[in-house]
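Hi,

Here is the model I said I would pass on.

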Amino acid sequence: MASHMPVNHSLRPLYRALALFAGLFVLAFGVLGYLDSQGEPLFHQGESSALGLKTNPAFSYASIAAGVAVLLATLVGRNLDRFVDMWVGVGFMLAGTAMLALMHTDSNVLNFEMATCIVSYLIGSVLFTAGMYVKVGPAAKAAAEEKHRLGKA
């Protein structure tokens, strides 16, 4: 049986709002982190922080880019948000996993600590879940997906 991706899900506005808030949080974190870590080397493992999480210029730049991408995709919609939310969500979860493995080494290039890994997993999970439920399509496609989901196809 093929996987099911709901079309025109009834909670789509809620998932779009969650993705929007996640994008705003990531963008705010990036901007505040950039302001706090100005003048530091790109991959510095110092005490700079934003919104209670440690950061450095590289992580701040990456957060700004990810936040802008999620916000723009969410505002545009038209299934672009589905694609961006899913891939950025996976990126956050992969970054959290990589930095968890590298946390207490010199390879901790994004200056992660345990709280940052947990927040990265949370943001990634929210975005990935939103990406699975924001798909839009014509009513006929939604009806066909619903029939498939209920096993009536």
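α2 passes α3 in a left-handed crossing (left-handed if the near helix is turned anticlockwise from the far one by less than a right angle, right-handed if clockwise). The contact is made by A66, A69, V70, A73, T74 and V76 on the α2 side, and by L80, D81, V84, D85, V88 and F92 on the α3 side; contact here means heavy atoms within 4.5 Å. By class that gives nine nonpolar, one polar and two charged residues (Ala, Val, Leu, Ile, Met, Phe, Trp, Tyr, Cys and Pro count as nonpolar, Asp, Glu, Lys and Arg as charged, and the others, Gly among them, as polar).

Before I go on, the ground rules. This is a predicted model, where local features need pLDDT of at least 70 and side-chain atom pairs count only at pLDDT 80 or more, while totals for chains, interfaces and linings use all residues. Residues are numbered from 1 along each chain as its sequence is written, and side-chain values use heavy atoms, with hydrogens and water left out. Helices (H or I, at least four residues) and strands (E, at least two) are DSSP runs, numbered from the N terminus.

Back to α2 and α3: they pack at an angle of about 155°, with their axes 8 Å apart. The axes are lines fitted to C-alpha atoms, for helices over the stretch in contact, and angles run from 0 to 180 degrees between N-to-C directions. The two helices are therefore roughly antiparallel to each other (over 145 degrees; under 35 is roughly parallel, 65 to 115 roughly perpendicular and the rest oblique).

Next, α1 (residues 12–36) and α2 (residues 57–76). Their axes come within 7 Å and cross at roughly 150°, so α1 and α2 are also roughly antiparallel to each other. α1 passes α2 in a left-handed crossing. By class, this contact has 16 nonpolar, seven polar and one charged residues. Among the α1 residues involved are R16, L20, G23, L27, G30 and Y34, and they face an α2 set including F59, S63, G67, V70, L71 and T74.

Which residues does G23 touch, leaving aside its neighbours within four places in sequence? They are G67, V70 and L71. The C-alpha atoms of G23 and V68 are separated by 7.0 Å, although the two are 45 residues apart along the chain. G23 is buried, with a relative accessible area of 1% (buried means under 20%, exposed over 50%, partly exposed in between, with a 1.4 Å probe and protein chains only).

α1 also packs on α4 (114–133), at an angle of about 145° and with the axes 9 Å apart. This is again a left-handed crossing. R12, Y15, L18, A19, A22, F25 and V26 of α1 meet V119, I123, V126, L127, T129, A130 and Y133 of α4. That contact has twelve nonpolar, one polar and one charged residues. T129 counts as partly exposed, at 29% relative accessibility. Its C-alpha atom is 12 Å from that of H9, a residue 120 places away along the chain.

What is buried in α1? The residues are R12, Y15, A19, A22, G23, V26, F29, G30 and G33, and what covers them includes β1, β2, α2, α3 and α4. In α3 (residues 80–102), the buried residues are D81, V84, D85, M86, V88, G89, F92, G96 and M99. They pack against α1, α2 and α4.

I checked two helix lengths as well, taking the expected span as 1.5 Å times one less than the number of residues. The 25 residues of α1 should span 36 Å, and its end C-alpha atoms are 36 Å apart, which agrees. The 23 residues of α3 should span 33 Å, and the end C-alpha atoms are 33 Å apart, so that agrees too.

Most residues other than glycine have a negative phi. L51, in the loop between β1 (49–50) and β2 (53–54), has a positive phi near 50°, and at 44% relative accessibility it counts as partly exposed. R78, in the loop between α2 and α3, has a positive phi of about 50° and counts as exposed at 72% relative accessibility.

Cheers
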